[in-house]
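Let's take a walk through this structure together, starting where its chains meet and ending with the elements packed around that spot. Have a look at the picture first.

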Amino acid sequence: MHEMGIANSILEAVRTEAQRFPHGHICKVGVRIGELAGVDPDSMSFCFGALVCDSDLAPLAIEIEYCARRHRCRACQTIFPAPMEGARCPACGGTDSEFAAGDELELSYLEVEDGTSAAGA
Amino acid sequence: MERVPLERKVLNENGRIAEELRARFAEHGVLCLNLISSPGSGKTTLLERTLESFAPGECVAVLTGDIQTDNDAQRLSRFGFPVKQITTGGTCHLDARMIEKALADWRLEDIDLLIIENVGNLVCPSSYDLGEAAKIVVLSVTEGEEKPLKYPSIFFKSELMILNKTDLLPYVPFQIALAEENARRVHAGIEIVRTSCLNREGLTDWLAWLSRKRAAARKPAASAAF
């Protein structure tokens, strides 16, 4: 499976972003995985833990937000969870909708501990 | 503790290389297709039937990915078109950097159609953009009708589904209409062709699809200079 490669790409991305916080320690990264991304969250989490423990970024936690497929109703613009094409809009009952989200594979946030204030505390 | 919001793709480096490749393909009028399926669904045989249909001198090239061996490249190179094997050595998918590297000593000016045969795997290749114009998923009738529901990512991202090995339909309990319905439940706009590489049923439909895509990708003639 490719989750090890994806986990490694997350670490590389965190490393790049870390340059913006030279005095801080990144303690957590938020990752959004859509159900259509083709990535298994449990396997991803396992691989991330295995890679991070011996790395320069340890300790670093991961929070995975698993995102369902969502559609936008063409009639009333409501965005709603749509497991399949043709799902019924909960607001107006229409079945004409377009894909809106659900293939995410992205970093959503970093939690940074400020080294200067931690030292002064 | 401070929470800093980010909007950054995990695979942005792969995405960057894929976009560069896509721009180069567009510049040279290359139609690039990314062929994906589980192992053994008939990608290489389909490519054999495809390559043998082309006249010598057609500007067609193939990159074929496998974890081990150059078996597929050997099978495909006998048709006289440029074929290169990418051996991933354990990696279960191709990524954009592998494609960039494999193309380094090919002149894109000499290629109109580039077909990438991905590593046999219905999951991992779906995450990696290779700069292709379209992904094509091959599903064979021995695999089960529920595959589009079990592996929605690749069926969602593919423009075309090739339902292959239809010659075996009399021998397997495969409901072809249900498989097609399942694919459309995941991706309403997916195009579908049914093929058999043994009795050649449907190959003309596949070649017609290919020919339409090639015509659309052709570099527009340079406009007259003022």
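A polar contact here is a pair of N or O atoms within 3.5 Å; within protein, one must be able to donate a hydrogen and the other to accept it, and residues adjacent in sequence count only if both atoms are side-chain atoms. With that rule, 14 residue pairs (both at pLDDT 80 or more) are in polar contact between chain A and chain B.

A quick word on ground rules: this is a predicted model, where local features need pLDDT of at least 70, side-chain atom pairs count only at pLDDT 80 or more, and totals for chains, interfaces and linings use all residues. Residues are numbered from 1 along each chain as its sequence is written, chains are lettered from A and ligands numbered from 1 in the order in which they are written, and side-chain values use heavy atoms, with hydrogens and water left out.

Back to the meeting place. Chain A puts 31 residues into the contact and chain B puts in 28 residues, where contact means heavy atoms within 4.5 Å. Together the two chains bury about 2,700 Å², with 60% of it on carbon and sulfur atoms; buried area is the accessible area (1.4 Å probe) that two parts lose on being put together, summed over both.

There are also four salt bridges between chain A and chain B, each a side-chain nitrogen of Lys or Arg within 4 Å of a carboxyl oxygen of Asp or Glu. B:Arg3 makes a salt bridge with A:Glu111, with the closest N and O atoms 2.9 Å apart.

Now for the strands. Helices (H or I, at least four residues) and strands (E, at least two) are DSSP runs, numbered from the N terminus, and two strands pair if DSSP finds at least two bridges between them. E6(A) and strand E1 (residues 2–9) of chain B run antiparallel, joined by six bridges. In E1(B), B:Lys9 is the bridge partner of A:Glu106. Over in chain A, E1(A) and E2(A) pair in the parallel sense over seven bridges.

Put together, that gives an open sheet of four strands in the order E2(A)-E1(A)-E6(A)-E1(B), with mixed pairing. Its edge strands are strand E2 (61–67) of chain A and E1 of chain B, each pairing on one side only.
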